[in-house]
Amino acid sequence: MDHIINHSFDAIPKSYLFSEVARRVAAFRAAHPESELIPMGIGDVTRPLRRPVIEALKKAAEEQAHADSFHGYGPEQGYDFLREAVLRHYAGFGVRLALEDIFISDGAKSDLGNLPDLFSENCVVLLPDPVYPVYRDSNLMAGRKVKYLAATRENGFAPLPGKDTRGDLVYLCSPANPTGAAYTREQLKLWVDWALASGAVILYDAAYECFIQDDLPHSIYEVEGARECAIEVCSLSKTAGFTGMRCGYTIVPHELAREGQNLHDLWLRRQCTKMNGVAYPIQRAAEAVFTAEGMAACKEDIAAYLRAAAIVADTLDELGVWYCGGKNSPYIWMECPKGLDSWQFFDALLEEAGIIGTPGCGFGEQGEGYFRLSAFSGEANARAAMERLRAWLQS
Ligand code: PLP
């Protein structure tokens with residue numbers, strides 16, 4: 001028997017980027033147990049859940065202990081109390097959605113990886129390069145053909161469609177991981193117009209919308225026509241520190257159809273078959289995020305992360321190192337100094353400055369020569385890391 005395995009797995013890198021980072025850090029720690037490393041690579045939040053969320057979680061947990069308030073399986077698309085809160089959140093951006101468009105999820109990653117189930121294995125997937133590796137690997141695992149859109153310094157790491165751009169599905173992320181680059185409304189309109197003209201579908205990842213400070217779109221549905229060509233995936237992971245809670249939302253507009261098939265109906269059918277919803281207490285906790293008190297608390301955390309990002313950005317400005325991001329994003333995407341490639345800079349920073357970052361080449365070929373620093377480690381770590389970076393650069 002040599003035909004039972006999905007050999008499409010051969011097409012993906014053997015180890016996930018962050019496993020390789022962890023392996024090198026562990027090896028360095030084993031050899032230098034006295035070293036105090038500063039974690040500037042993390043994509044996870046570090047600030048704890050806020051009080052309104054915890055109170056809602058505790059109350060919902062207690063409800064589960066009583067027959068008259070116990071909740072078993074919930075509605076497939078999520079409880080209306082949470083879907084209505086999401087609807088109001090979008091109304092705040094001037095976006096009007098229908099309740100039926102909203103699907104509550106256990107976070108953005110699963111939906112981003114599962115949404116391609118709606119599309120043929122023959123469809124061509126367009127991905128920015130560098131890219132959040134989940135889009136690439138989940139499509140390669142399913143045997144789909146992937147083509148890359150170069151995100152470069154010249155296009156501000158926000159690639160746009162050209163007259164030769166062809167594809168059936170395109171993933172866009174704004175503000176982007178890893179580069180922190182964000183699309184303007186005018187730029188997103190170019191993508192929407194391209195998709196409407198070509199029949200392609202956009203999978204729009206808004207996981208970092210909560211970091212937007214400038215007048216930039218929080219949702220692709222701020223652009224006219226997007227409801228006919230885009231699915232949007234978002235998450236409370238970064239908005240509210242829910243990485244360990246697991247809750248997000250995906251918008252599949254009921255207008256979105258291709259080849260006589262309604263994508264909303266297909267996604268509902270898919271989810272009802274393979275998913276049994278998100279835990280009731282988690283959905284109650286998520287509802288608390290969208291209250292005035294909950295949102296104000298979450299915004300304080302976002303502001304703290306952005307202060308850490310500003311410490312990094314100001315230092316790079318002062319040192320004359322090129323970077324983007326860090327303003328509407330927790331990520332700073334910097335050029336590797338001294339002509340080093342991404343892994344050389346990773347090793348040098350780790351071994352000579354005790355800073356852990358993420359090599360840009362792990363996000364795609366165009367990431368070679370770049371490096372991602374994350375503000376999630378907080379202000380004190382950002383300050384200490386930048387002092388070490390300054391000393392290292394001047395050594
Ligand atoms: N999308 C992007 C761009 C991310 O960077 C991440 C997590 O780092 C996710 C999605 C996953 O989010 P979630 O925790 O909701 O699965």
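Ala85 counts as buried because its relative accessibility is 2%; buried here means under 20% relative accessible area, exposed means over 50%, and partly exposed is what falls in between, using a 1.4 Å probe and protein chains only. Ala85 sits in helix H3, which runs over residues 80-91. Helices (H or I, at least four residues) and strands (E, at least two) are DSSP runs, numbered from the N terminus. If you look from Ala85 to Phe103, you move 18 residues along the chain, and the two C-alpha atoms are separated by 12 Å.

Before going on, a word on what you're looking at. This is a predicted model, in which local features need pLDDT of at least 70 and side-chain atom pairs count only at pLDDT 80 or more, while totals for chains, interfaces and linings use all residues. Residues are numbered from 1 along each chain as its sequence is written, and side-chain values use heavy atoms, with hydrogens and water left out.

From Ala91 to Gly364 it's 273 residues in sequence and 36 Å in space, C-alpha to C-alpha.

Now zoom out. The protein chain has 12 helices and 15 strands, and its C-alpha atoms fill a box of roughly 65 × 55 × 55 Å, taken along the principal axes. Its radius of gyration is 21 Å, which agrees with the value near 21 Å that a compact globule of 395 residues would have. That radius is taken over C-alpha atoms, and the globule rule is 2.2 Å times the number of residues to the power 0.38. Of the 395 residues, 55% are buried. Take the contacts with a separation of 6 or more: residues 24 or more positions apart account for 73% of them, where contact means heavy atoms within 4.5 Å.

UniProt, in an unreviewed entry, places the feature "domain: Aminotransferase class I/classII large" at residues 36-387. Over that stretch the chain is 37% helix and 17% strand, and the end C-alpha atoms are 14 Å apart.

The buried ones are Tyr280, Pro281, Ile282, Gln283, Ala285, Ala286, Ala288 and Val289. Their cover includes helix H2 (51-63), H3, strand E2 (102-105), helix H7 (237-240) and helix H10 (292-319).

Next, head for strand E3 (residues 124-129), where you'll find Pro128. Pro128 is buried, at 11% relative accessible area. Leu149 is 21 residues from Pro128 in sequence, yet the C-alpha atoms are 4.6 Å apart. Leaving aside residues up to four places away, Pro128 touches Tyr148, Leu149, Pro159 and Tyr171.

Most residues other than glycine have a negative phi, and most peptide bonds are trans. The bond from Asp129 to Pro130, though, is cis, with omega near 10 degrees. Pro130 has its place in the loop between E3 and helix H5 (133-141). Another cis bond joins Asn177 and Pro178, with omega about 15 degrees, and Pro178 is in the loop between E5 and H6.

Thr179 lies in the loop between strand E5 (169-173) and helix H6 (185-198). Thr179 is buried, with a relative accessible area of 2%. Beyond four places in sequence, Thr179 touches Pro130, Phe157, Cys324, Gly325, Tyr331 and Trp333.

Two residues bring up the phi side. Arg246, in the loop between H7 and strand E8 (248-251), has a positive phi near 70 degrees and is partly exposed at 32%. Lys338, in the loop between strand E12 (331-335) and helix H11 (342-353), has a positive phi near 60 degrees and is partly exposed at 48%.

Note on methods
UniProt positions are given in the numbering used here, feature names are shortened, and annotations may be inferred rather than shown by experiment.
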